[in-house]
Amino acid sequence: MSTSSTAGGRRTPRADCVAAASGDIVFEAVAAGAALVLRRIGGGGSGDEVRLPLTDAGDGRARAVLAAVTELAEGRWEVLTASGEPVESGVRDLRALVDLVPEADRIDVRVPYPTAQGGLAVRCWVRAPHAEAGDIGLTPGQGAVSVEGLLYGASLGEGAVAEARLSSGGRVHEVPVTGEGRAFGFTLPYAPIAGSPGGKEQLWELWLRPAADAEGIRISRILDDVWDKKGIFVYPKQRTESGLAAPCYTGDNDLCVRVTAAG
């Protein structure tokens, strides 16, 4: 059990938390006052702040629950005291989020995490429908990436394709999708998207259109306990005729392919 630090005899607000597979998050706090406040970073609207009353949990600690039914917009939510003071991140028990399998078509994922300054925050994703990336395959010498995954809130139909969309706009490359029902898979050769980056890095976002007349669904990996996969899920680069390419995740856990010049 973590304890709060002390500065000049004053206890610093600090909270441990437990994330449940149901979507509930239980906070146990010390020196946090009467309530915890979740405030969406970059927000400012009426729905960008949620107040969670604290109740006595004994031993100088207080408890608050962020229920799964509480509406949170997608984004990053900092945890504050009622007076607006940041709450330090304590022990975070996220074991229930590993290999999470949602039962609903709408995906609401909340992952507590420590900020760069040591504060406590919650990363929230709201996706409907959602395409969850699974196994990522690389075949040496072939210059391609293969992706398998599962759909939530949609299923494969006639004319399903995966799209690589240049993040700066203007170019889209399609490849056919295999699979049935919710399961999908595709192989994306690097050569058609590598082109000549002219020494500049190119980022290609990966999307899935489950049917010919369907809207694109962003392919991401959010059903686990890793709030930022950008520096953790790192894949080897493969050489193409004009550069290097590798799959990667963004800081929001969206799947992409990064293309760089050979030099």
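Trainee: How far is the sulfur of C256 from the closest cysteine sulfur, and which residue holds that one?
Mentor: This is a predicted model, so keep that in mind. The closest cysteine sulfur to that of C256 belongs to C248, and the distance is 5.1 Å, too far for a bond. The cut-off for a disulfide is 2.5 Å.

Trainee: And how many disulfides are there in the whole structure?
Mentor: Zero, when the whole structure is searched. C248 is in no disulfide either, its nearest cysteine sulfur being that of C256.

Trainee: Is C248 buried or exposed? What about C256, buried or exposed?
Mentor: C248 is buried, at 7% relative accessible area. C256 is buried as well, with a value of 0%.

Trainee: Staying in that area, where is T250?
Mentor: T250 sits in the loop between strand 22 (243-249) and strand 23 (255-261). Its relative accessible area is 19%, and T250 counts as buried because the limit is under 20%.

Trainee: What is T250 in contact with, leaving aside its neighbours within four places in sequence?
Mentor: D228, K229, K230 and C256. So one of the contacts of T250 is the cysteine we started with, C256.

Trainee: Which residue in that loop has a positive phi although it is not a glycine?
Mentor: N253, with phi at about 70°. N253 is in the loop between strand 22 and strand 23, and N253 is buried at 0% relative accessible area.

Trainee: What about A31, what is its phi?
Mentor: A31 has a positive phi too, about 55°, and is not a glycine. A31 lies in the loop between strand 4 and strand 5. With 35% relative accessibility, A31 is partly exposed.

Trainee: Which peptide bond is cis, with omega near -5°?
Mentor: The one from A128 to P129. P129 is placed in the loop between strand 12 and strand 13.

Trainee: What share of the contacts with a separation of 6 or more is between residues 24 or more positions apart?
Mentor: 60%.

Trainee: On to the inside. Which residues touch the most other members of the largest nonpolar core?
Mentor: F27, L36, L38, L52 and V79, out of 32 residues in that core. The strands that each supply at least two residues of this core include strand 4 (25-30), strand 5 (35-40), strand 6 (49-53) and strand 9 (75-81). Strand 12 gives the most, with four residues.

Trainee: Take L38, then. What does L38 touch, not counting residues up to four places away in sequence?
Mentor: Its list is D48, E49, V50, L52, L66, L72, W77, E78, V79 and V122. Of these, L52 and V79 are also among the core members with the most contacts to other members.

Trainee: Which residues are in the second, separate core?
Mentor: That core has 30 residues, including L188, I193, W204 and Y235.

Trainee: Pockets next. How much space lies in the largest pocket?
Mentor: About 420 Å³. Its lining has 21 residues, and those nearest the centre are A21, S22, G23, R106 and D108. Split by class, the lining comes to 13 nonpolar, three polar and five charged residues.

Trainee: And what volume has the second largest pocket?
Mentor: About 270 Å³. That pocket is lined by 14 residues, with D99, E132, A133, R221 and L223 closest to its centre.

Trainee: Which strands each supply at least two residues of the lining of the second largest pocket?
Mentor: Strand 13 (130-138) and strand 14 (144-152). By class, the lining of the second largest pocket has seven nonpolar, two polar and five charged residues.

Trainee: That covers my list, thanks.

How values were computed: Residues are numbered from 1 along each chain as its sequence is written. This is a predicted model: local features need pLDDT of at least 70, side-chain atom pairs count only at pLDDT 80 or more; totals for chains, interfaces and linings use all residues. Side-chain values use heavy atoms; hydrogens and water are left out. Buried means under 20% relative accessible area, exposed over 50%, partly exposed in between (1.4 Å probe, protein chains only). On a 1 Å grid over the protein atoms alone, a cavity is a set of points where a 1.4 Å probe fits but cannot get out, and a pocket is an open set with protein on both sides within 12 Å along at least five of seven lines; lining residues have an atom within 4 Å of a point. Grid points are joined across faces, edges and corners, and a volume is the space filled by probe spheres set on the points. Ala, Val, Leu, Ile, Met, Phe, Trp, Tyr, Cys and Pro count as nonpolar, Asp, Glu, Lys and Arg as charged, and the others, Gly among them, as polar. A nonpolar core is a set of buried Ala, Val, Leu, Ile, Met, Phe, Trp, Tyr and Cys residues joined through side-chain atoms within 4.5 Å. Contact means heavy atoms within 4.5 Å.
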